[in-house]
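Please read the following note with the sequence and the model at hand.

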Amino acid sequence: MLDRALQERILARLGLKAAPERTLAGLTTLYGAWCQHVPFDNIRKLIHLRRGDAGPLPGTDAVDFYENWLRHGTGGTCWSGHTALHALLGSLGFDVVRGVGTMLVAPDIPPNHATVFVELDGTRYIVDASMLHGEPMAIDQPDAGVAHGAWGVRVHRAPTGHALIHWRPIHMAEGLDCRIDTVGVSADVFAASHEGTRGWSPFNFSLYSRVNRGDRVIGAAFGQWFGFDAAGGVTQRPLGTDERVRVLVEQLGISEEMARAVPPDLPLPPPPKPG
């Protein structure tokens, strides 16, 4: 749980004058603000790994996540971002549970994604800190989706009955499915899964970031700068090393201190073979 003083600092940074009511309207306001102010990024993780720091990965603890976001504007990847969002929602009195899914970048891969759900009046809503879909989505409804050109998502069903969320990662305009595997896991599962990414993850080698700004999505991935607009259009251009600090500071709101500490990109190696 987060103490009252930290809650108030977080809400102020999100642009909220008071704690939201524990209603769908309140959740919508809070999550919409999160999507506009808290990036999905691997900035602190890259710095941590490149330094060879043996301590816990950044954001494994929610207070650590928020203190760095408040100071530097940094977010985190899925395990840390959802640890933080779960802690905030729980501290504000929402009925929130952790979940695990799989970004289906390849067939037959193990679960690799954290998320969170909020239960309101018998309906389960997903509020994902990585997909940043702008508003809570009633995951169990057959016609679930968010209609928006930049960050819209839609739900369909796998033959197994699992919910599949089709969304657009910042570097994949064609979209990708995320399968929801488990609803209701412990904080220990999140922490262990986060630590399990230390050896290899697609976010361990080069800058990756994403955030909603106004009616657009902006971000960087694999040496490119991307934008999705409200009409569904995509812009892409190379992001040079000299430009990267300026873009992180001026467009993503990262502190100059942290932006300058981001190490150079490395090529993405293949994942290790199982066994």
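1. Basis. This is a predicted model, in which local features need pLDDT of at least 70 and side-chain atom pairs count only at pLDDT 80 or more, while totals for chains, interfaces and linings use all residues. Residues are numbered from 1 along each chain as its sequence is written, and side-chain values use heavy atoms, without hydrogens or water.

2. Length of helix H2. Helices (H or I, at least four residues) and strands (E, at least two) are DSSP runs, numbered from the N terminus. Helix H2 covers residues 24–37, and its 14 residues should span 20 Å at 1.5 Å a residue; the expected span is 1.5 Å times one less than the number of residues. The end C-alpha atoms of H2 are 20 Å apart, which agrees.

3. Burial of H2. Among the buried residues of H2 are Leu 27, Leu 30, Tyr 31 and Trp 34; buried means under 20% relative accessible area (1.4 Å probe, protein chains only). The elements covering the buried residues of H2 include helix H1 (4–13), helix H4 (62–72) and strand S3 (113–120), where contact means heavy atoms within 4.5 Å.

4. The sheet. Five strands form an open sheet in the order S1-S10-S11-S12-S13, with antiparallel pairing; two strands pair if DSSP finds at least two bridges between them. Strand S1 (40–41) and strand S13 (234–238) are at the edges, each with a single partner strand, so one side of each has no neighbour in the sheet.

5. Strand S12 (residues 224–228) runs antiparallel to S13, and five bridges join them. Gly 227 stands opposite Thr 235 in S13.

Definitions and conventions: Buried means under 20% relative accessible area, exposed over 50%, partly exposed in between (1.4 Å probe, protein chains only).
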